Amino acid sequence: MTGAKAWWQDLPRTRFGSERAEERLAALIIAGRKRASVWNVLQGCETAPGMQWIVTVADKPVAVIETLSVEQRRFDHVDEAFALEEGEGDRSLMFWRSVHEDFFRSEGKFAQDMMLWCEHFKLIAVLDPNLAACAVQHVALEQAEGEALVAAIAGASRNFP
């Protein structure tokens with residue numbers, strides 16, 4: 001006799017960031033620090049309020065989230081409050097703009113007035129206890145790396161007239 005199918009097993013799947021960043025970002029979600037995300041409007045929008053998603057790392061289910069809201073917003077209209085909810089780096093707007101500009105440039109699709117999908121979500125379930133156990137360390141590393149980047153940006157801007 002086989003076990004019952006998990007309630008979440010047939011939900012659509014999503015991952016956050018690049019392969020290099022997906023574990024860290026999933027850990028931030030599990031830790032409750034990351035509660036928002038953005039993507040280029042040209043990629044379309046497959047979510048809506050109330051939809052639930054399996055968050056994966058290397059195709060392995062690690063968490064379930066539920067979309068609370070999704071809206072379009074220009075890159076240059078993303079504010080401090082959204083950067084804080086996105087939960088990356090030191091959670092500042094300076095960090096958010098720097099890493100997201102780099103990301104969209106790497107895709108060849110950056111402009112200050114580009115349109116983004118801005119999603120707010122909540123954590124519904126943790127599916128990977130191992131990732132949950134190390135989520136606090138991921139948060140600490142993310143915070144330290146974010147502070148270092150913002151300090152470097154601020155230092156560089158002081159060197160220009």
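Predicted model: local features only at pLDDT ≥ 70, side-chain atom pairs only at ≥ 80, totals over all residues.

Begin by selecting β4 (residues 60-74) and β5: these two strands run antiparallel and are joined by 11 bridges. Helices (H or I, at least four residues) and strands (E, at least two) are DSSP runs, numbered from the N terminus. Two strands pair if DSSP finds at least two bridges between them.

Residues are numbered from 1 along each chain as its sequence is written, and side-chain values use heavy atoms, with hydrogens and water left out.

Ser37 has Glu119 as its bridge partner in β5, and Asn40 has Leu116.

Now show the whole sheet. In what order do the 5 strands of the open sheet lie? The order is β1-β3-β4-β5-β2, with mixed pairing. At the edges are β1 (13-14) and β2, each of which pairs on one side only. Strands of a sheet pair through backbone hydrogen bonds, either parallel or antiparallel.

Select α1 (residues 22-30) next. This helix packs on the sheet, where α1 touches β3 (52-57), β4 and β5; contact means heavy atoms within 4.5 Å. The direction of α1 makes about 135 degrees with that of β3. Axes are lines fitted to C-alpha atoms, for helices over the stretch in contact, and angles run from 0 to 180 degrees between N-to-C directions. Of the 9 residues of α1, 8 are buried, among them Glu22, Arg24, Leu25 and Ile30. Buried means under 20% relative accessible area, exposed over 50%, and partly exposed in between (1.4 Å probe, protein chains only). Just after α1, Gly32 has a positive phi of about 85 degrees.

Move to α3 (residues 93-106), which lies across β2 and β5 and runs at about 35 degrees to β2.

Two loop residues come next. Ala58, in the loop between β3 and β4, has a phi near 50 degrees, positive although the residue is not glycine. Is Ala58 buried or exposed? Ala58 is exposed, at 61% relative accessible area. Arg91, in the loop between α2 (80-86) and α3, also has a positive phi, near 70 degrees. Arg91 is partly exposed, with 21% relative accessible area.

Then colour the cysteines. The structure holds 0 disulfides, a disulfide being a pair of cysteine sulfur atoms within 2.5 Å. For Cys45, the nearest cysteine sulfur is that of Cys118, 11 Å away. Cys45 is partly exposed at 28% relative accessible area, and Cys134 is partly exposed at 24%.

The protein chain has 5 helices and 5 strands, in the sequence pattern β-α-β-β-β-α-α-β-α-α. Its C-alpha atoms fill a box of roughly 70 × 35 × 25 Å along the principal axes. Of the 161 residues, 40% count as buried. Among contacts in the protein chain with a separation of 6 or more, 75% come from residues 24 or more positions apart.
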